[in-house]
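Subject: Structure handover

Hello,

Please find the structure below, followed by what was found in it.

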Amino acid sequence: MNTPSPQDPAAQPRIRLKSDRAPGHPWVWSAQVYKPEQRLPPGSVVEVVDSKDRFVGRAFWNGHARIALRLLTSDPSEAIDADWIAARIARAVQLRRELLHLDHASDAWRVVHSEGDGLSGLVVDRYADILVIEYFAAGMWKFREAIHTALLEHFPGARLYWFAESHVQKQESFDCRSPEPPAPVEVHEHGLAFHAAPGLGHKTGFFADQRENRRRFAEFARGRRVLDLCCNSGGFAVHAMAAGAREAVGVDMDAGILEIARANAAANDLAIDFQQADIFEWLREAAARGEQYDAVILDPAKLTRDRNKVFDALKKYFAMNRLALDVIPPGGLLLTCSCTGLVAEADFLEMLRRVALNAGREIQVLQVAGAGADHPVRADVPEGRYLKAVFCRVE
């Protein structure tokens, strides 16, 4: 007996939209669709039609999740199968290797960026010979064998580590069993060495999305006294000192990640003072002592995943940026970042305007950057542009 093809209506359930218009976004919310009569397992591949029964595309269905449909293709001739997965992954790798030439800059880069690469619910990061695979959707989890096979074709011999955050597994109704974390590895970025430890409690200890911003900040920081706030594993401070900064101090609350930061400094023969402290208390005390730093980076972790708490997140961004100005002399530099995707760029810039007004200082915005080009953003998925990195001069 032949297995029905994915295009065969007998094999592929139909989901009907309530509207006769195309969604305009690959995410379709549960309120926008008619629930199917039969129960479909989370992550099922379905055919999507509009309210007039016209073909819209093929998607992952999940009746348990807020995102009921993740549209994958609008081409009626495309089947969502292992070959489709392999082709999309090949396209993603080709972009990074042949157009962006990332292998020349680093051996730590994003291989697949979910919707940005047409693979909704999948993120893959490379750290030397380790591939870290994060699943955000039950549909992608069902294709895990095809995903792993396709990745190993492009990275022969790579060690694979996969995971899904517990809240994602609960929302999407799938059970991701992670393997044992791989041994930590040394990665390289623009000639500098860094420690990466996927799965060991600090994400990776290294965030590739700031690659170009680290180098840009380092260019500005030559000859300056640098302060790296929420320094994580010290990437900005290491780049700055290697580029000729006069001095660098890094501050973070996490003692474990500071050990990695110190190892990163040592690996590059750099002297950097990493201190464990709450940045609010640290900045108040530094300002009281009259400390001044003429190149400051402020790169806090994500502040919220809840749309109802965006205002609270903006208040916290205001507070930390306002305190940072107290240790920046006239003519000093500030790189202030937000990786909170729910905080819009316009709102982040408005927060900076209010900080300047409150402090009686002038803030010149020199550049608004984001994640590197290995984190592409589809034009119809603005949510993919989560990182805001604002380079400023403070008078």
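Strands β5 and β6 form a hairpin, with five residues between them. β5 (residues 55–61) pairs with β6 in the antiparallel sense over four bridges; two strands count as paired if DSSP finds at least two bridges between them. Ala59 has Leu71 in β6 as its bridge partner. Strand β2 (residues 27–29) is also antiparallel to β6, joined by three bridges, and Trp27 stands opposite Arg70 in β6. Seven of the seven residues of β6 (residues 67–73) are buried, so this strand is largely enclosed by the rest of the structure. Buried means under 20% relative accessible area, exposed over 50%, and partly exposed in between, with a 1.4 Å probe and protein chains only.

Two notes on the source. This is a predicted model, in which local features need pLDDT of at least 70 and side-chain atom pairs count only at pLDDT 80 or more, while totals for chains, interfaces and linings use all residues. Residues are numbered from 1 along each chain as its sequence is written, and side-chain values use heavy atoms, leaving out hydrogens and water.

Now the whole protein. There are eleven helices and 19 strands, and 53% of the 395 residues count as buried.

Next, the open sheet. Four strands form it in the order β7-β8-β9-β10, with mixed pairing. Its edge strands, β7 (108–113) and β10 (159–163), each pair on one side only. On average, neighbouring strands of this sheet are turned by 20 degrees against each other, direction ignored. Axes are lines fitted to C-alpha atoms, for helices over the stretch in contact, and angles run from 0 to 180 degrees between N-to-C directions. Contact means heavy atoms within 4.5 Å. Helix α4 (residues 144–154) lies across β7, β8, β9 and β10, at about 155 degrees to β9.

Which residues of helix α6 (residues 211–221) are buried? They are Arg211, Asn213, Arg214, Phe217, Ala218 and Ala221. Seen down the axis of α6, these fall within an arc of 165 degrees, so they line one face of the helix; the arc is that of the directions from the helix axis to the C-beta atoms. Arg214 has a relative accessible area of 4%. Among the residues that Arg214 touches are Glu189, Phe206 and His239.

Last, the cores. A nonpolar core is a set of buried Ala, Val, Leu, Ile, Met, Phe, Trp, Tyr and Cys residues joined through side-chain atoms within 4.5 Å. The largest one has 37 residues, and those touching the most other members include Phe217 and Val226. Helix α7 (residues 235–242) gives the most to this core, with five residues. A second, separate core has 36 residues, among them Phe280 and Cys392.

Regards

How values were computed
Helix = DSSP H or I, 4+ residues; strand = E, 2+ residues; numbered from the N terminus. Lists of a residue's contacts leave out its neighbours within four places in sequence.
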